[in-house]
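Here are some friendly notes to read alongside the model.

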Amino acid sequence: MRKHTRAALLCVAAGMATALTLTACAAGKGGGASSDAAAAPGKDDKLTLTVWSNYSDREYEEVTKALKTFNKKFPNIEIKHEGSQDDDKITAGIRSGNTPDVALSFTTDNIGQFCSSGAFQPLKAYIERDKVDLNQISPAVREYTEYKGNRCAMPMLTDVYAMYYNKDMMSAAGVTAPPKTLDELFEAAKKLTKKAPNGDIEVAGYLPTMGFYANRPTILAPSFGAEWEKDGKSALASSPGFTEMMTFQKKLVDFYGFDALERFRAGLGQEYSADHAFHQGKIAIMMDGEYRTAFLKAQAPQIKFGTAPFPTWKPADYGTAFTTGTIMGIPKGAKNPGAAWELIKHLSFDTDTIVDLSNAIKNVPSTKAAMESPKLEVDEQFKTFIDLAKSDKLKGNPVTPIGDAHIKAVTDFAVSYTSGKVPDLAAGLKEVDKNIDDQIAKSGK
Amino acid sequence: MTATLGARPAPGRGRARARHRLTVLGFMAPAIIGFVLFFGYPLVATVVFSFTKYDLINAPEFNGLDNYAYMFKDPLLTKAIANTLWFVVVLTIARTVFALGVASVIARLKSGVGLIRTLCYLPSLAPPVAATLVFFMVLRPNGGPVDNLLGVFGIDSPLWFSDPAWAKPGITAIMLWISGDLMIIILAAILDVPQEQYEAAELDGAGPIRRWWHVTLPTISPVLLFGIVNSVILALQLFTQAVVAGSAGSGAADATGSTKYLGFPDNSTLTFPVYLYTQGFRYFDMGYAAAMATVLFVISFAVTIVLVQRMRKNSTAEEGGPGA
């Protein structure tokens, strides 16, 4: 027995020793995150740049075309574009040493982690060396591509969010103009809603459920003037905007009845499918990104829709909007960081490339020059998003080192509050603040 | 036989024994190496990481018991534990009883056995994501087949994956549909029960139910115990179905990245493994995720030990040993 115990202890000790040795390797392989700028490739250097993105299908083809335009400047560089690579794969790539030269991420919520951990290399040295004028990009977009002054990413097109409304349903309900204030939105929602004799909702004027489609607290926050943090602490409870956001959501949910609304919502289609509720004429007003214009034209050409800035709590804020977008970085351990930066610079600032890609995948260009380009295809609906992107009222994605934990905390609370489970709004928001602060403190960043 | 305790073995015999041991070890080497590399090392590394602050990119930094201490003030962890315990109890019982019931019926069929056995087994081969999406479409309120069927009888269907009270039963239904693997194992055990035992019981006047209760059940009890342990582990590790059901329920099944709403509705599908993944890969706190994994391992291990000991006790009792 004692012999067995001793053997088991020896095995555990050996295992621990091995694990401790190997954990030293757990931080990833390859070159580190240098604060110096790597030299740009020479005209005769033959090399292959690997680019990972999460694009697929038609968008993958269009982005690949945009990447190929880099060959006009560097014909000696071959570009290998690998699609369907999400942030998990980028992180795993960095850890295993199988790192792409350029990583494109859809998840701006992760920028805090990318910059603070060194997963994406700092770009400051490159920007200073090449005297890049960051003022070509709006402040809101600059905000969501850096963390605490450390710029580790650049934007590749942006998404801007605004209100979509069904013109036929609006005129049938006697709503003559898109609402501009929350009161007008509430009244329009009431007029546009159709209920069956048994109380079931057939058409919702405006579907308020938090977490559904683009109803995310980050996207709604600018319309309420809601502030996420103050002095480095989560400030939801002390922000009148968040109180107003929750109060307005609850007022709408109470109008429909939580159970009736949930029954209606449960039968709606998925966000990126042709069954989307707005495509099917089941909701009349919604918040969504500019990319929806392309989805609507392709999947529901019968829907006559208009776009406008989302109504705001304070009239002075009208014309504000939320923006986020695809970000590009040079991952830790990239084999060709100098060439990777040249590609990122090209995709960030080459006006023709940005405009062509914007026209192809219907995203908003990320530079002022591209937004002003006569080649940019801007129809009546898309113009709303361009105007919002040019506005100095544009607000970027709040950046934290904890991914989207803060967004989930607010979304969960909003659902609990609007369903009536949590009656005390102020106390509830304070609790959410505490949870977010605890989580950030735990991250140590 | 002559006892030779204390006698020194002949040098030739010792060498033969050593050679024999080496041969055994040589044959076992692939399994041992696989075990150490793919189970032993990850397990020990997880325990080590659980005492560190580790963001997946930089080297882990020792932070003592901070990760374990944070568990006591993490409101979502309590929810995740409660959800997983629900699955451990309900899914384990439901899956074992369901597989046993289906296997018992198939074992008594006189014709079409092959076809029915295949039909019952096939769903277990479906990829979990596809199986969950199929169930989501079938159970979809406002126009899904089950909703339409219930509507004929004037019954409002539950909201399934949109209602916190029904989301877990909905996932349980998926897990039962794909439990053909366990059903096949139990069916094999039932068919393996010696026919003489049934004949003896029949001669003693036992009817079909008593024969099933007193002959079939005790004979296949080790296999049932395996089914229970297997189901407990499955419930403790429930991930894919919970993520897909939650995402589809929230209308974001086709979304990518952080737009997926994990735990929907009202965190009722936030199982322990889903929350562990969230902490590790969405919040980049692998140290905390490792602490959660360690706790999960300790619980799984303890539950398995208890169940195995219980089985041994029962086997001894059945064989008329002490305690019978």
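1. A working definition for the contact counts comes first: two residues are in contact if their C-beta atoms, placed from the backbone, lie within 7 Å. Please also keep in mind that this is a predicted model.

2. With that cut-off, 51 residues of chain A are in contact with 41 residues of chain B. Looking at the side of chain B that touches chain A, helix 1 (11-49) and helix 12 (272-282) of chain B each supply at least two residues. Helix 1 of chain B gives the most to this side, with 6 residues. By class, the side of chain B that touches chain A holds 22 nonpolar, 11 polar and 8 charged residues.

3. Which elements of chain A have the lowest and the highest mean pLDDT? The lowest belongs to helix 1 (residues 2-23) of chain A, at 47, and the highest to strand 12 (residues 305-308) of chain A, at 98. Chain A as a whole averages a pLDDT of 91, and 92% of its residues score at least 70.

4. One stretch of chain A deserves a careful reading. Over residues 7-32 of chain A, pLDDT stays under 50, and the model has 35 contacts beyond four places in sequence for this stretch. Where pLDDT is low, the predicted coordinates should not be read in detail.

5. Chain B is assigned two parts, domain 1 (17-62) and domain 2 (70-318). Taken over C-alpha atoms, the centres of domain 1 and domain 2 of chain B are 30 Å apart. In chain B, 8 residues of domain 2 are in contact with 11 residues of domain 1. On the side of domain 1 of chain B that touches domain 2 of chain B, helix 1 and strand 1 (52-53) of chain B each supply at least two residues. Helix 1 of chain B gives the most here, with 4 residues. This side of domain 1 of chain B divides into 6 nonpolar, 3 polar and 2 charged residues.

6. Now for the record: an unreviewed UniProt entry lists "transmembrane region" for residues 22-44, 85-107, 119-139, 170-191, 212-239 and 286-308 of chain B. How do two of these spans look in the model? Residues 85-107 of chain B are 100% helix and 0% strand, with their end C-alpha atoms 32 Å apart. Residues 119-139 of chain B are 71% helix and 0% strand, and their end C-alpha atoms lie 21 Å apart.

How values were computed: Residues numbered from 1 in each chain as written. Chains lettered and ligands numbered in written order. Predicted model: local features only at pLDDT ≥ 70, side-chain atom pairs only at ≥ 80, totals over all residues. Nonpolar A, V, L, I, M, F, W, Y, C, P; charged D, E, K, R; others polar. pLDDT = per-residue confidence, 0-100. Domains from an automatic or database assignment. UniProt positions renumbered as here; feature names shortened; annotations may be inferred.
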